[in-house]
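Hello,

Here is the structure you asked about. My notes follow below it.

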Amino acid sequence: PTPLIIDTDPGVDDAVALVLALRSPEVDVRAVVAAFGNVALDDTLRNARQLVALLGRSDVPVAAGASRPLVHDLPARAGHVHGVDGLGGRSAGLTDLAPLDPRPGVDLMADVLRGATEPVTIASIGPLTDTALLLATHPELTERIGRVVVMGGALGAGNVTGAAEFNVHIDPEAAHRVLTQAEVPVTLVPLDLTLRCMVGTPWLERLAGADPVCAELAAMIVPYHAFYSADHGRDAVAMHDALALLECVAPGSLRTTPLPVRVACDLGPARGATVADHSADATGPRVQVALDADVPTVLEAVLTRLASV
Ligand code: BDR
Ligand code: CA
């Protein structure tokens with residue numbers, strides 16, 4: 001199996017992504033790093049430890065990542081989307097906690113890379129802060145990274161501002177660092193695709209009926225589903241991070257286009273916008289931008305993997 005590091009901020013769709021990864025035999029989850037993001041670091045870290053314990057995988061190291069962005073800490077969290085605890089109000093009922101690995105998240109990632117004999121995939125499904133710090137502080141290890149798969153960005157409309165997606169907007173400098181380097185291949189899974197891959201009540205009912213872990217996930221999703229359905233005016237909820245994880249465990253699930261992507265890092269209204277260069281003579285490292293997929297196949301694949309015990 002491919003060694004996998006998950007850089008996350010659980011988060012309801014992060015929870016779905018974690019379960020998908022831990023139930024996919026093609027990958028070996030070697031580390032979970034939880035950073036600030038959807039909610040504050042204390043909450044995302046507790047949630048990550050609870051989720052790993054819920055899966056009976058307390059052998060997977062869970063460490064604390066960044067508590068704030070690299071440069072500008074503009075308070076913006078998503079408790080109104082994911083619940084004040086980050087898990088749709090379900091955290092209080094999850095009493096088992098996987099142990100906390102004492103290493104800082106970046107050190108844990110570096111140790112996993114040093115110990116790996118095969119290329120490691122990094123799934124970055126929250127702020128890109130820790131992945132950017134890893135690339136910046138351990139250039140000697142970048143050759144051990146097979147690919148970074150990022151859920152983030154939007155070539156069209158954003159979800160925090162008109163132009164910016166949450167994971168990029170919350171730390172644009174970190175996102176720019178990851179998306180514009182040439183050492184490590186990057187696949188970007190932006191809103192343009194994840195908002196085409198929404199699920200509704202029939203999918204969620206199948207999830208709820210699969211097994212106790214999936215029933216717990218479905219319970220976490222209830223308020224998140226209500227938020228998305230109200231926002232989009234129909235019975236639909238986005239599983240952003242789970243799509244990025246699907247691409248990690250089953251490469252090629254999403255169809256990509258190679259494009260140079262830069263991030264607007266000024267403090268004006270474009271802050272956090274991901275700007276792709278579509279011109280024929282575009283220069284700079286190309287990111288594989290996932291802009292298309294066979295949507296029903298992808299949604300069925302996510303559900304099948306979640307429900308496989
Ligand atoms: C991204 O932002 C977070 O709220 C989700 O967990 C996902 O990673 C979607 O924009
Ligand atoms: Ca996330």
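Around the ligand

α1 (12–22), α6 (166–169) and α11 (240–249) each give at least two residues to the shell around ligand 1. Please keep in mind that this is a predicted model. There are 15 residues around ligand 1, and those that come nearest are Gly 11, Asp 13, Ala 78, Phe 166 and His 240. By type, the shell around ligand 1 holds five nonpolar, six polar and four charged residues.

Helix α5

The other part I looked at is helix α5, residues 129–137. Is this helix mostly covered or mostly uncovered? Helix α5 is mostly covered, with seven of its nine residues buried. The buried ones are Thr 129, Asp 130, Thr 131, Ala 132, Leu 133, Leu 134 and Leu 135.

How α5 meets α7

Two packed helices are described by the angle between their axes and the distance between the axes. The axes of α5 and α7 cross at roughly 50° and come within 8 Å. The crossing of α5 past α7 is left-handed. On the α5 side, the contact is made by Thr 129, Thr 131, Ala 132, Leu 135 and Ala 136. On the α7 side, Ala 174, Arg 177 and Val 178 take part. The residues of this contact between α5 and α7 comprise five nonpolar, two polar and one charged.

Regards

Definitions and conventions: Residues numbered from 1 in each chain as written. Chains lettered and ligands numbered in written order. Predicted model: local features only at pLDDT ≥ 70, side-chain atom pairs only at ≥ 80, totals over all residues. Near = placed C-beta within 6 Å. Helix = DSSP H or I, 4+ residues; strand = E, 2+ residues; numbered from the N terminus. Nonpolar A, V, L, I, M, F, W, Y, C, P; charged D, E, K, R; others polar. Buried ≥ 20, exposed ≤ 12 C-beta atoms within 10 Å, placed from the backbone. Axes fitted to C-alpha atoms, helices over the stretch in contact; angles between N-to-C directions. Left-handed = near helix turned anticlockwise from the far one by under 90°. Contact = placed C-beta atoms within 7 Å.
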